[in-house]
Amino acid sequence: MKTYPTNEIKNVVLLGASGSGKTTLAEAMAFDGKVIDRRGSIETDSTLSDYTDIEHIYKRSIYPTLLFAEYNGYKLNIIDTPGADDFCGGLFSAFKVADVGVMLINAQNGFEVGSEIQARYARSHDKPIIAVINQLDSEKASWEASLDSIRAASQVTPVVVQYPVNPGPDFNAFIDVLLMKMYKFKGDTGIREELDIPAEEMERATELNRILTEAAAENDEALMELYFEKGVLTQDELRSGLKLGLAKRDLIPVFCASGKRDIGAKRLMEFIINVAPGPLKAPNFVTVDGREIEPDSNGPTALFFFKTTVEPHLGEVTYFRVVSGKVTEGMELVNSKTGNKEKISQLFAVAGKNRVKVTEMMAGDIGCTVKLKGTRTNQTLSTPGSNIEIDPIRFPEPRYRVAVKAVKTGEDEKLGELLNRANFEDPTILVEYSKELKQIILQGQGEHHLNILKWQLANINKMEVEYFAPKIPFRETITKVAAANYRHKKQSGGAGQFGEVWLVIEPYQEGMPEPSKFKIDGKELQVNIKSKEEVALDWGGKLVFYSAIVGGAIDARFLPAILKGIMEKMEEGPLTGSYARDIRVVVYDGKMHPVDSNELSFKLAGRNAFKEAFKKAGAKIMEPIYSVEILVPSDKMGDVMSDLQNRRAMIEGMSSDKGFERLVARVPLSEMYRYSTTLNSLTNGRATYSMKFSSYEQVPAEVQDKLLKAYADTDKDE
């Protein structure tokens, strides 16, 4: 295939709810673009995208798939994305490298839940949208109802570019009010006939042309003056106004189609070529240090990698967009993050499961390469010395957690390798071995998301795994001042062991004054601080350790051993064995022996003195609290609020977002297990949410009692 210059490239992401027909329309576009000579179908598992076994089983997209079409001298790179929100990571990757979104609307269902969710994502990424009401050949297809649903739900004004003449099973013609022509199709061949608009449709078409013209003119003062002066605009003037309106996200052009019958795909591609922003008109990529990189084919080469897959016969396949310059076979580039050199051995244009070998690609193009040594998703390869590192994709925070283990013993190492590979291919799958919980924790976007991974492990990697509720990383702390002392003494022939430590502990808060006196059991204890050490704990919070030893009661060389003993107990709190945090300790007295004292003795004395003091200091269990933001339809607000209250949630705010309510709440992590499944059930899949760690807070007394009992029962079992 030819090498396309930057001004002949368009990059498109297909959006829409599951079942809206993205994959079928992509197939029609590839067929009309001469990439394939026969259209496949989802029913026969023969489409360019949706080519994996799991997609064949579910009959829908699970992974984003890149393909292209060559049409009217242009190359259209098309990314077919999943409709289910559990797989939104692929959509975020696509938004990074595509310049315009094409939102498919199922004519039987209108603007669905998935449409609403993906439209929000498009807004957050500032991507302009073209709407296509698809499946107009369905028996229950309704053009007007679908158009009304777009008007009601969208935050951007929809403007009709085409409307169907005969929606329903006999659908074979539409009127294009931009070109003022009727297009009629023969069967499902994609062959179209361009006709004049019938007399009975002329009034409707003329009115829609007027609305379209006004919408286009509103985006440019010169066009508006021209329109007032002449009363009409030429097609080129119309396109000029639509370009501006689309790029500014002030309007959504609406098209009609049947991807299954290849009706409307050609005209849609023509509009994308003529009106949609390409690499030269879309916002520039930005580097991590805030520089804009122009898509100049004569500039330094910069490739941004947005997706990685591992394929049986090829190994690692890495997908990129040429941000600047051009890339050729054999070119040596530098990884901006690692500093390592990479050689581009092969280049491919991608058509789903097929790949076309090319020798070079220019700025703005999208392709893939194989066998890179160490370059991953979200990294940049660039010309040596150019120092270009593109700002990475910001994937959504995980929303679902499970603990995982291999069913068969002895497969832990293999499981770890497979889970790391899963994260390598899908960065929204997070894997953590928790030393604290002694579990492997998997995090993803929802239950279905992680169940797909479970299927892959079992069917592709022959690794049976079990999912179960993860433990909660509780913390322990204290609520009042307490003192204790402990003497460690051991004599067993020869040198013995001796160490005695007196200490006081109290809750720690940032900014509190340095200690000088304590009141313990009605008595006042004065301390004179000699040294201070702050330990920022790996699990959050602090331990502040003071020495107030006077008169050489304990030699300074033993203080690190005392601190070490205290830290050991901080890692295993007395209440539930959880990490302790936010405590300060003052060692103010003790004793040592000139022969028998050593570091071990003082470590054990410090550890046990701290343990005794902890038990007397009003010990409390703390739990992780997450800030949860939920977008829920207004009519489901009551059900969602009621469920949150049952989860010990504290509602912090509510606001409206055009047909949706935005709820912000603080919810204990222990109450969020399988929440994505519950929320889907309560709202029929119409709500979405995000969650982010906020803070640790003390658990209520009744919850603490349950946790203490459960921990005691566990000790008995062991």
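Predicted model: local features only at pLDDT ≥ 70, side-chain atom pairs only at ≥ 80, totals over all residues.
## A four-stranded antiparallel sheet

Another open sheet is formed by four strands in the order S25-S26-S24-S27, and here the pairing is antiparallel. Its edge strands are strand S25 (430-434) and strand S27 (465-468), each of which pairs on one side only, while the twist from one strand to the next averages 35°.

S25 is joined to strand S26 (residues 439-444) by five bridges, with the two strands running antiparallel, and Tyr-433 stands opposite Ile-440 in S26. Helix H11 lies across strand S24 (400-406), S26 and S27, and its course is at about 160° to S27.

## The largest pocket

Helix H11 (447-459) also contributes to the largest pocket, for it supplies at least two residues of the lining, as do helix H2 (53-58), helix H3 (88-97), strand S14 (302-311) and helix H10 (412-425). The volume of this pocket is about 1100 Å³. Of the 42 residues that line the pocket, Thr-52, Tyr-63, Val-310, Glu-425 and Gln-456 lie nearest its centre. When the lining is sorted by class, 22 residues are nonpolar, 13 are polar and seven are charged.

## Cavities inside the model

Rolling a probe the size of a water molecule over the atoms shows where empty space is left. In this structure there are five cavities of 30 Å³ or more, and the largest cavity holds about 160 Å³ of space.

The lining of the largest cavity consists of 14 residues, and those nearest its centre are Ala-119, Ile-129, Ser-154, Val-156 and Ile-252. Helix H4 (113-124), strand S5 (129-134) and strand S11 (251-256) each provide at least two residues of this lining, which by class contains 10 nonpolar, two polar and two charged residues.

## Two pairs of packed helices

Two packed helices are described by the angle between their axes and the distance between the axes. H3 and H4 pack at an angle of about 35° with their axes 11 Å apart, and H3 passes H4 in a right-handed crossing. Their contact is made by Cys-88, Leu-91, Phe-92 and Phe-95 of H3 together with Gln-118, Tyr-121 and Ala-122 of H4, a set with six nonpolar residues, one polar residue and no charged residues.

For helix H7 (residues 221-230) and helix H8 (residues 235-247), the axes come within 11 Å and cross at roughly 145°, and this crossing is left-handed. Leu-223, Leu-226 and Lys-230 of H7 meet Glu-237, Ser-240 and Gly-241 of H8, and the residues of this contact divide into two nonpolar, two polar and two charged.

Strand S9 (residues 181-185) is joined by four bridges to strand S8 (residues 173-176), and the two run antiparallel; Asp-176 has Lys-181 in S9 as its bridge partner. Four residues lie between the strands in the hairpin of S8 and S9, where Met-180 takes a positive phi near 55°.

S9 is also joined to strand S10 (residues 192-195) by four bridges, again in an antiparallel run, and the bridge partner of Lys-184 in S10 is Glu-193. The hairpin formed by S9 and S10 has six residues between the strands, and Gly-187 in the turn has a positive phi of about 60°.

Methods. Residues numbered from 1 in each chain as written. Heavy atoms only, no water. 1 Å grid on protein atoms, 1.4 Å probe; cavity = no way out; pocket = protein on both sides within 12 Å on 5 of 7 lines; lining within 4 Å. Points joined across faces, edges and corners; volume = space filled by probe spheres on them. Nonpolar A, V, L, I, M, F, W, Y, C, P; charged D, E, K, R; others polar. Axes fitted to C-alpha atoms, helices over the stretch in contact; angles between N-to-C directions. Left-handed = near helix turned anticlockwise from the far one by under 90°. Contact = heavy atoms within 4.5 Å. Pairing = 2+ DSSP bridges.
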